Structures are given as structure tokens and as C-alpha cells.
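Dear colleague,

Please find below the structure that I am handing over to you, followed by an account of what was found in it.

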Amino acid sequence: MSRKPERTDGVERKFTKPKYLVHLTLLVAVIVMISPYLWQLATSLKTFEESVQVPPTTIPDDFYFENYSTIFEVIPFASMMGTTIAMTVGRIIGQLVVITLAAYGFARFEFPGKNLIFLVFLSVMMVPDELLIIPQYEIIQSLGWLDTLPALIVPRIFWVFGLFLLRQFFLTLPLEIEEAARIDGAGRFRTFWSVVLPLAKPGMITLAIFSCLFSWKELLWPLIVMSSPDKMPVSVGLATLRGSFFVDYPVLMAGSTLAMLPLILVFIFLQRHFIEGIATTGGKA
Amino acid sequence: MTTETQVTVPRNLSLVTAKGRKRKKRDTLAAIIFIGPMTLGLSIFYLWPLVRTFFLSFTKWGAFGGTEFTGLENYERLINDSDVWQALLVSFGYTGIVLLGIPVAIVMAVLLNQKNLKWLTGYRVLFFLPVVTMPVAAALVWRLLYNGRYGAINYILSWFGIDGPSWLTQPGLALVAIGIVGVWLLLGQQIIILLAGLQGVPRTLLESSAIDGANAVQRFRYVTLPLLTPSIFFVVVITVIGCLQMFDLVFVMLEPGNPALASTKTIVYYFYQVGFVYNDRGYAAAIAFLLMVIIFILTALQFRLQKRWVHYE
């Protein structure tokens with residue numbers, strides 16, 4: 001640092017000179033990345049006739065917004081969106097209660113068999129979902145939960161990845177604060193509730209973000225357990241429209257846009273949390 | 001305040017043995033309350049299913065419902081089922097194509113890691129967008145882009161006088177097309193992880209090698225890349241695990257009746273078909289086990305091979 005003044009000039013120039021090339025490359029890459037969205041948006045505003053025109057038009061002749069209402073008539077889009085939101089929120093609430101408690105327990109309590117239990121739990125994380133789906137389906141079936149919201153929410157509350165994430169987080173919290181609370185006479189629960197929980201907020205936000213991503217994108221499980229169109233989440237509802245009998249792309253694109261939008265908006269608002277979460281854990285999304 | 005702590009601390013310490021046991025007991029009680037719900041749920045919905053799938057893989061769905069023990073029959077069938085191996089090949093192919101995107105991610109991450117880069121946040125957000133996009137919706141968009149007649153990709157190709165193919169109806173081509181979507185979907189996530197890794201490369205090291213006369217390419221090759229290998233390794237591992245389980249893109253992009261579907265279904269698609277379309281649960285359980293074994297072996301192999309190319313400080 002102290003030597004910097006003599007050196008910076010030459011080195012800095014070496015480091016910064018070809019920036020316009022860097023920007024050119026990045027711009028091209030970014031345009032490639034977002035062009036599908038632009039095409040999607042453009043198509044969602046075309047009439048059906050225009051959408052099948054050869055060669056295709058890039059900008060719609062005139063903006064045909066009706067596709068955005070047609071999608072609600074073709075499929076029960078509103079209730080599907082409701083299911084996706086309810087399932088996402090339901091899971092997050094359940095996880096924040098169940099996982100936060102368990103993660104804290106594993107991070108701070110001493111009890112017989114603790115390490116063994118945690119190891120068994122971790123091994124679940126290594127197992128691909130497909131291995132569990134058939135018995136999970138059987139359980140949901142025997143509970144009479146097929147085609148209901150609990151089928152989408154309950155099994156996913158017990159999320160090992162989330163447990164691992166939050167336990168790691170609790171381990172990074174300084175022990176001294178909790179010890180001080182204990183010494184001042186607060187019990188385990190009191191300490192947890194009024195000292196630990198407020199500090200755990202960043203960890204819980206990361207958990208909620210991952211859960212939200214996972215839930216919004218999920219297809220296989222809801223596809224298997226849900227059968228009524230008006231109870232399906234959007235992912236399943238849109239996926240079932242793929243059949244060749246329905247190729248009204250403007251309507252499909254309107255639906256896709258509406259399905260993407262909420263999560264993208266959440267992301268733009270919580271951008272920093274998303275990126276930090278992925279960068280530190282790799283994300284299971 | 002200070003005197004109070006001075007009094008409490010020693011008292012606590014002196015009672016460690018007598019009170020310690022009592023405390024441990026109370027700890028166990030608290031642990032049951034804290035960990036109980038999770039343990040119960042995990043046992044019901046994850047641990048028990050694991051055991052149950054293993055059991056199911058040795059059974060057949062009986063004619064009148066219920067299961068019928070058939071020994072190794074499902075596994076014998078597995079070995080002789082060319083559809084399984086075909087589907088595995090497709091999954092490997094898809095994984096291979098997505099892995100080819102990692103060098104692109106590395107280049108992008110390095111470019112984004114420039115000191116004081118303008119519009120960094122903007123670039124990051126745009127690269128990351130597919131990661132927060134519902135894959136089903138994205139797959140529908142790409143179906144349109146790939147459309148042989150009025151799709152955007154063939155339209156662009158036509159500018160160069162190329163008569164583009166019908167991407168999604170030809171077996172080999174369909175896999176490549178879907179693989180490209182996979183690269184697009186995962187690139188942002190890979191870039192973010194690599195970018196975090198790059199931030200750990202000490203700038204002083206790069207600057208001193210620059211003073212020693214290394215050009216940008218040499219600095220990348222001999223300083224940045226070796227230090228980035230742990231992050232690259234991590235990206236490769238999670239990409240392989242994720243891609244081997246790909247289902248949604250094939251499900252959405254290749255509708256039933258598509259001539260390419262039969263030879264482009266992935267192993268998880270085949271699992272879904274066997275288990276939940278044909279309702280052959282026992283056989284599907286065996287397929288799931290095969291998949292798990294393959295994922296385990298591949299991951300273990302990567303951890304073993306990492307010694308050859310991953311540098312840890």
C-alpha cells in the first residue's frame with residue numbers, strides 16, 4: 001500500500017486499458033442471455049396470425065394485450081398462481097419454525113446421539129429426490145392429501161438443505177451473547193426467543209429465498225400429486241399446455257411472462273441476498 | 001453491573017459438576033422440543049421412504065393391488081432394458097453439454113471481476129435472470145425460439161443464408177437444443193459462484209506478476225486459474241448432480257408424440273414414465289436406485305480426481 005504511488009500508473013493502466021473490449025464482450029453475452037425474454041415479451045403482444053408469420057416480425061405490428069386475459073380463460077391461471085404462492089409461503093413459514101428450532105438445537109445443545117442423528121440427516125441431502133418420491137406419494141395418498149395443498153407443503157417443510165444452512169449460520173454466531181443471557185438468568189427458550197432469533201434474521205432470509213426459488217421452480221412433485229387444474233401450481237399448469245394441440249404462442253408467452261414475473265421482481269428487490277446466498281452455498285435451486 | 005457478573009461467574013463454575021448433570025438433562029429435554037418436529041417429519045417423509053424404496057425395488061405391483069416380492073427381477077430387467085441405458089446416455093449427454101458452458105462462465109466471471117467495473121450490478125442481474133426464472137416457462141419460450149418455421153433462431157440463421165432445421169423433432173439435435181437451454185439456465189449461478197471464488201484471488205499477486213511482465217492471458221493462465229480451481233471443482237460437482245436429474249426441460253420441450261422424445265428422454269423422465277404413467281412402482285424404484293448409485297460413483301470419482309487438478313492453498 002505504501003509503495004503504491006510509484007507503481008500504480010503503469011500497472012493500473014495495464015489493468016484498465018482494454019475495458020471497452022471487456023464491456024463489448026459482456027454486452028454481447030448479456031444480450032444473448034436476455035434475448036429470449038425480449039422475444040417472449042414481443043410474442044406475448046402479437047396476434048396469433050402475426051405470431052405464425054414467416055419470416056417472423058420482431059416488434060409486434062400493434063400491441064395486442066388481449067393474450068394476457070385469454071390465458072386466464074384457457075386455464076384457471078389465477079387459482080394456479082394462488083396455489084404457487086400459497087405453497088411457497090406455506091413452506092417458508094413451516095420451515096422457518098421447524099428448521100430454525102432444529103438447526104439451533106443441533107448447533108448449541110448437547111444430547112446423546114446428536115452427531116449420529118445429524119449425520120443421518122445429512123445423508124438424506126445426498127440422496128436424489130427421485131428415490132423418495134414413490135413412498136412419499138404413498139404416504140400422501142394414505143393421508144388422503146392427494147390433490148390438496150398440504151401435499152405440496154408438508155413434506156417439503158422438513159428440508160435438510162435448510163437445516164444444514166441454518167445450523168452453519170448458528171455456528172457462526174458468537175456464543176458469548178447467549179452465555180451472557182444465560183448467566184443473567186434467561187432459560188434456553190427465553191435465550192432462543194429474545195437473543196438468538198433477532199440475530200438469526202440474515203440466515204432465515206437466506207433460507208426463505210432458497211425455499212422460494214425451489215418451490216417456484218418445482219415441477220415433478222406437484223405434477224405427481226396434483227390432478228385438478230384449478231389446484232395445480234403454475235409450473236404444472238403451464239407444462240400441461242405444451243401439447244401440440246395448443247400452440248397459440250402469444251397466449252402461452254403471456255402466461256409464461258406472468259408466471260416468471262413475481263419471482264423476478266422479488267429477486268430484483270432482494271438481489272444482494274440472492275447473490276450472496278448462491279455464492280456462499282452454491283444453492284440447491 | 002460489573003460486581004454482579006463478578007459474583008455470578010465463579011458461582012456458576014463451582015457448581016459445574018453437580019449442576020452440570022442436571023443441566024445436561026435439561027438440555028436433552030430442550031433438544032427434544034427443538035429437534036423433535038424436524039426429526040419426526042424427516043423420519044416420516046425422508047428416512048422411511050428411503051427404506052421403503054429399497055424394499056419396493058424388490059417387488060412388483062400385484063394384480064389386485066399390494067406388492068408382491070419378486071427378488072432381483074427388477075434389477076435383471078434393468079440390466080436388459082435398453083431404454084434405461086439410452087436414457088442414461090441422454091442424461092450424460094445433457095450433462096456434458098452443460099459442462100461445456102463452464103468455460104464460458106469462467107470467462108464471464110473473470111471479465112466481471114475487473115477492478116471498478118462499471119455496470120457490474122447490471123451485468124450480474126441480467127446474467128442471473130435465468131436462475132430465478134421458472135424452468136417450465138423458460139422451456140416454453142425456448143420451444144418457440146426453436147420452432148422450425150417461425151422461430152427466432154432459424155430466422156437469425158436465415159440472415160446468413162442458412163436454412164435452419166426443425167430443432168426439437170430430430171433425436172440428436174433435440175438433445176443439443178435442450179442442452180443449450182440448460183447452459184442458459186445455469187450460467188448465471190455458475191458465474192456467481194466463480195465470481196465469489198475470484199474475489200479470493202489476491203490482487204497483489206496479479207499486480208506483482210504484471211510487474212514481472214506477465215500479460216493478461218498469462219496472468220489468467222498461471223495465477224488466476226490455478227487459484228480458481230476449487231470453485232471450478234465445486235461448480236462441476238453441483239452441475240453434474242443437478243444435470244443428471246434433469247426432467248422439466250424434456251417434459252415441456254418434447255410433447256408426447258414428438259418423434260424425438262423416445263430417444264431424448266432422460267433417466268428421470270423415464271423414471272416418471274415407469275412409476276407414474278405405467279404405475280410400475282417396483283421397477284421405478286430400481287431405476288431410482290440405479291440413478292443414485294451413478295450419482296454417488298460420479299461424485300466420488302470427481303473427489304478422487306480432484307487431486308490432479310484442484311489446487312488448495
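Asp280(B) is buried, with 18% relative accessible area; buried here means under 20%, exposed over 50%, and partly exposed in between (1.4 Å probe, protein chains only). The side chain of Asp280(B) meets that of Arg77(B) in a salt bridge, at 2.9 Å from N to O. The term denotes a side-chain nitrogen of Lys or Arg within 4 Å of a carboxyl oxygen of Asp or Glu. The pair links distant parts of the chain, 203 residues apart: Arg77(B) lies in helix H3 (residues 73-80) of chain B, and Asp280(B) in the loop between H13 and helix H14 (281-309) of chain B. Arg77(B) is partly exposed, at 40% relative accessibility.

This is a predicted model, in which local features need pLDDT of at least 70 and side-chain atom pairs count only at pLDDT 80 or more, while totals for chains, interfaces and linings use all residues. Residues are numbered from 1 along each chain as its sequence is written, chains are lettered from A and ligands numbered from 1 in the order in which they are written, and side-chain values use heavy atoms, with hydrogens and water left out.

Other salt bridges

Over all chains, the rule gives seven salt bridges. In one of them, Arg91(A) pairs with Glu218(A), the closest N and O atoms being 2.6 Å apart. Arg91(A) is in helix H5 (residues 77-108) of chain A and Glu218(A) in the loop between helix H12 (201-217) and helix H13 (220-225) of chain A, so the pair ties together parts 127 residues apart in sequence. Helices are DSSP runs (H or I, at least four residues), numbered from the N terminus. Arg91(A) is buried at 0% relative accessible area, and Glu218(A) is buried at 9%.

In chain B, the side chains of Arg143(B) and Glu255(B) form a salt bridge at 3.2 Å, N to O. Both of these residues are buried. Back in chain A, salt bridges that share partners join Arg91(A), Arg156(A) and Glu218(A) into one network.

The interface

Chain A and chain B bury about 9500 Å² between them, 77% of it on carbon and sulfur atoms; this is the accessible area (1.4 Å probe) that two parts lose on being put together, summed over both. The contact (heavy atoms within 4.5 Å) takes 103 residues from chain A and 99 residues from chain B. One salt bridge is found across the interface, between the side chains of Glu138(A) and Arg52(B), at 2.7 Å from N to O. The largest share of the side of chain A that touches chain B, 16 residues, comes from helix H2 (residues 19-44) of chain A.

Two residues in contact with the other chain

Thr43(A) is found in helix H2 of chain A and is buried, with a relative accessible area of 2%. Beyond its neighbours within four places in sequence, its contacts include Ser51(A), Asn67(A) and Leu144(B).

Leu42(B) lies in helix H2 (residues 16-56) of chain B and is buried at 0% relative accessibility. Leaving aside neighbours within four places in sequence, Leu42(B) is in contact with Phe121(A), Val124(A), Phe158(A), Val160(A) and Leu47(B).

With kind regards

Terms used. Helix = DSSP H or I, 4+ residues; strand = E, 2+ residues; numbered from the N terminus.
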